[in-house]
Amino acid sequence: MGDKQKLLLDTNVFMEDLETVEGLMQEYQICIPYVVLQELDSHKSNYRDYTRSYKGRSAIRFIDNNYNEFIFIETQSSPDIHNDDLILKIAKDNSCAIATYDICMKVKARAIGVDLVELNNEKDEYKGYRIVEINTDDDSDNHWLAGIYEEPQQNPCSLLTNEYLIIRDKANPIWDSDDFNHKVGYKTIDIFRWDGYELIGLKLPPKRIVKPMNDLQTCALDLLMDRDVPIKIIAGNYGSGKSYISTLVGTYLVNERERYPKMVIVRNNDLVDGKDPGALPGSLEEKVAPLFKPITQHFPGGEYQVEEMKKFEKLETHITYYIKGLSINGYMLVDEAGDLTTKNLKAIGSRLEEDGCIVFCGDWEQSSGKYRNDNGLLQLINKTKDNPLVGVVVLDEDVRSDASKIFADLT
C-alpha cells in the first residue's frame, strides 16, 4: 500500500461511479478530504432530489464499508474558497494526483501542476447532455464562457451531434427553501445544443402548452420541437415527465401548429412475438383501449379532445402486433419503449414516412426478462447517438410527488 501513488477523488466520482472507485483502489492509495465527506453528507440529505440523495447515501455507505482502505485528510471548507479549488489545493499540498469528471477542474489541475488520472467513460450510458459547472468569480472560467458565445462553432466539450450542454454557476448556489443551510444545486447560466456544426440556443413550445420543471425537461422540450430531428428518445425514471411532456407537445404540433396531420400512439403488449390480445369482449379497439389511458390522460382537453381528434382522423392508437405493413405519417409516440426488443423496435420504427417523426418514451432500467437482455431502446441509443437524425435526453428527476419518490428505490 505504501508504494501506491496517492489519488484524490472529487465528490462526483463517488456519487456517479463506485465501480470505478473500486477499480482505482487496486492501483492507487485513495485520499478523501473532509470537504468531500461534507458534500456527500449534503447530497445524502437532499430529499428534494431523490436520485442524488440515494447516490449520496450509497457513497457514504461504501466509504464506511472500506474505511481502512482510505487516507482521510482533515480540512474544513471555507467561505473564502470554493470547494473545488480547495480540493485542488489539498491535492497539490499533499502530492496527490486527482481524478474527476469535471472539465473545469481538469483544466485547473493542469494549470497548477496537479497530475490527472483519466477516467474511462466508455461504459457510461449516453444521456444526451453534458453538465459543466463553472465559477463566474474566476476569470479563467469567465474567459471559457465568453468563448462559447463568441465562437459557437467551437466544441470545447467534444459534444456529439444533438447533445446538450448545460452550464451552471458555482458562484450562485441554490438553497433548499425549507433549509437555507442546505445547498441543492447551482443556478443555470445557459443551455445549448450542438447541432454538428455549432452550439445553438433552444426553442421551446409556449409556456401555456407546457412549462419545463427542470433543465433536462427544457432540453427534452427543445428536442421534441425540432423538426430536423425526426427520431426523438425521451427516456428517464419513474415520474420524470417523459410521457407527459411528449404528449402535450404532440397535441400542440398536430392541433395548433398543424406540423403533422395526426398523432399516432403506439404501445407494446408483448404482441410482436405472436401473442394475441386474448378473448376479451368487444372490438379490438375496446380490448386495447386501457393500454392507451396512460397517454390520453395527459390530453389537455381530456376525453372530449380524444374523441374529437379520433372523429377528425387526427388520432390513431396501435399495438405493435397489428402495426406491420402500415405506413405512418404523423407525430408517432411510442410509450413504454423500455419494453421493446430490437425486433419490436424495428417493426415500429420502419413504419415512419418521410415527413413524420417518432418519439420513444421509456426507461430500460425498469425493463425485465427478455427486454433486459435484448433492449431495443438501449440498442438504438448506443448505435445512433451521434446520428444527426436522432436526439436523446434522459430525464433523472421524479417530479410527480415527494411520496412517489419513496417507491423508486424498492426492488
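Predicted model: local features only at pLDDT ≥ 70, side-chain atom pairs only at ≥ 80, totals over all residues.
Me: Is Lys262 buried or exposed, and which residues does Lys262 touch?

Reply: Burial is read from relative accessible area: under 20% is buried, over 50% is exposed, and the range in between is partly exposed (1.4 Å probe, protein chains only). Lys262 has 17% relative accessibility and therefore counts as buried. A contact, in turn, means heavy atoms within 4.5 Å. Leaving aside residues up to four places away in sequence, Lys262 touches Val254, Glu313, Lys314, Leu315, Glu316, Asn329, Gly330 and Tyr331.

Me: What does the chain as a whole come to in helices and strands, and what percentage of its residues count as buried?

Reply: The chain comes to 16 helices and 14 strands, and 48% of its 411 residues count as buried. Among contacts between residues at least 6 apart in sequence, 71% join residues at least 24 apart.

Me: In what order do the six strands of the open sheet stand?

Reply: Two strands pair if DSSP finds at least two bridges between them, and angles run from 0 to 180 degrees between N-to-C directions, with axes taken as lines fitted to C-alpha atoms, for helices over the stretch in contact. The order of the six strands is S11-S10-S12-S13-S9-S14, with parallel pairing. Strand S11 (315-319) and strand S14 (390-395) stand at the edges with a single partner strand each, so one side of each is left without a neighbour in the sheet. Direction ignored, neighbouring strands of this sheet are turned by 15° against each other on average.

Me: How many bridges join S12 and S13, and which helix packs on the sheet there?

Reply: Strand S12 (residues 331-335) and strand S13 (residues 357-362) pair in the parallel sense over four bridges, and Val334 stands opposite Phe360 in S13. Helix H13 (residues 342-349) packs on this sheet, touching S10, S12 and S13, and its direction makes about 150° with that of S13.

Me: Which residues stand opposite Ala235?

Reply: Ala235 stands opposite Gly362 in S13 and opposite Val394 in S14. Strand S9 (residues 231-236) pairs in the parallel sense with S13 over five bridges and with S14 over six bridges. S9 is mostly covered, with five of its six residues buried.

Me: What order has the open sheet of four strands?

Reply: That sheet has the order S3-S2-S1-S4, again with parallel pairing. Its edge strands, strand S3 (71-73) and strand S4 (97-99), each pair on one side only, and the twist averages 35° from one strand to the next. Three bridges join S3 to strand S2 (residues 29-33), the two running parallel, and Cys31 has Ile71 in S3 as its bridge partner. H5 packs on the sheet, touching strand S1 (6-9), S2, S3 and S4, and its direction makes about 175° with that of S1.

Me: At what angle do H3 and H5 pack?

Reply: Two packed helices are described by the angle between their axes and the distance between the axes. Angles under 35 degrees count as roughly parallel, over 145 as roughly antiparallel, 65 to 115 as roughly perpendicular, and the rest as oblique. Helix H3 (residues 34-44) and helix H5 (residues 83-93) pack at about 150°, with their axes 10 Å apart, which means that H3 is roughly antiparallel to H5. Val35, Val36 and Glu39 in H3 meet Asn83, Leu86, Ile87 and Ile90 in H5.

Technical notes
Residues numbered from 1 in each chain as written. Heavy atoms only, no water.
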